[in-house]
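User: Could you walk me through this structure? I would like to begin with the ligand and its surroundings.

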Amino acid sequence: MSLADVVDLLRCPVCAAPFELPSGAGTLRCGQGHSFDVARQGYINLAPGAEPPNADTAAMVTVRERFLGAGHYRAITEAVTAAAVAVGPERVLDCGAGPGHYLARVLDAMPGSCGVALDVSVAAARRAARAHPRLGSIVADAWRPMPVAPGAVDLALSIFAPRQVDDLHRILAPHGELVTVTPLADHLRELRAELGLLAVEPNKRERLAGRLARGFAPGPQRRIVQTVSWEAATVSDVVLMGPNAFHRNAVQLAAELERLTWPQRVTLAVEVSRWARRP
Ligand SMILES: C[S@@+](CC[C@H](N)C(=O)[O-])C[C@H]1O[C@@H](n2cnc3c(N)ncnc32)[C@H](O)[C@@H]1O
């Protein structure tokens, strides 16, 4: 990871002053004297308090990295990357980045760009720190003002993650864009029915458009709807990498999966949308 590449984009979470990272130093320091140590694993913790209960656990992050690395969401990754390339950013922030899979693929496609992976989960920040050489990984809470300079990035990603419209607007440059990925009602519908997974919020897409409208104008959108055929190990991963993991453990899930027939046909249905920052 390279915190040095992105230190200009970051701001002190205490006083919002710029940071310095003297070469070879393991500490970010602002002009007011607030300092934050770079963790041994290469991320930096800029969160004001303890991790909230909805932060992804180390087990969830491991499963997510395995699932995404195996290419099960390849179509989503390719659509996100294509949207990002169309924006043509030099500086990218992934808000709720998890293990940094999507941001790393965007940076691969955009030589010369650099990115910040932001997540409230320390386990996620640890993984993201090693996801790409041009990526800096920080722990921060997206529900609070992010420790990111105003107008610092050309592109923000928000992929199956929490988003705070006013702060995303603040950290984007005037020409900047936001790329979101949201599940449609049919996403994983067979698994929701068989396993009683958490439902997709009704009218999620319309609600998102309503919430974003004050800061962003809708741009091109792409729907990805496909049917895949998954074995039990993949179904287990897709359940245990997300919020359903807060409601059941691997042993309980394995018992539930035993009564299904394999492979299972599963619908993937998401929308990848670009949003232009309003002046
Ligand atoms: C469903 S995961 C998606 C991760 C990643 N975007 C992906 O699709 O692979 C949601 C992520 O948001 C993070 N998260 C939850 N609340 C957050 C907050 N308040 N601020 C920043 N990240 C948060 C979780 O820790 C988790 O990594």
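Analyst: The shell around the ligand divides into 11 nonpolar, four polar and four charged residues, where Ala, Val, Leu, Ile, Met, Phe, Trp, Tyr, Cys and Pro count as nonpolar, Asp, Glu, Lys and Arg as charged, and the others, Gly among them, as polar. This is a predicted model, in which local features need pLDDT of at least 70 and side-chain atom pairs count only at pLDDT 80 or more, while totals for chains, interfaces and linings use all residues. Residues are numbered from 1 along each chain as its sequence is written, and side-chain values use heavy atoms, with hydrogens and water left out.

User: Ok, and which residues are the closest to the ligand?

Analyst: Gly 96, Asp 119, Asp 141, Ala 142 and Ile 159 are the closest of the 19 residues that surround the ligand, a residue being counted if one of its heavy atoms lies within 4 Å.

User: What does the side chain of Asp 119 lie 2.6 Å from?

Analyst: A polar side-chain atom of Asp 119 lies at that distance from an oxygen atom of the ligand, whereas for Asp 141 a polar side-chain atom lies 2.8 Å from a ligand nitrogen atom; a polar contact here is a pair of N or O atoms within 3.5 Å.

User: Switching topic, in what order do the strands of the open sheet run?

Analyst: The eight strands follow the order β4-β7-β6-β5-β8-β9-β11-β10, with mixed pairing; strands are DSSP runs of E with at least two residues, numbered from the N terminus, and two of them pair if DSSP finds at least two bridges between them.

User: Which are the edge strands?

Analyst: Those are β4 (44-45) and β10 (216-230), each of which pairs on one side only.

Technical notes:
A polar contact is a pair of N or O atoms within 3.5 Å; within protein, one must be able to donate a hydrogen and the other to accept it, and residues adjacent in sequence count only if both atoms are side-chain atoms. Helices (H or I, at least four residues) and strands (E, at least two) are DSSP runs, numbered from the N terminus.
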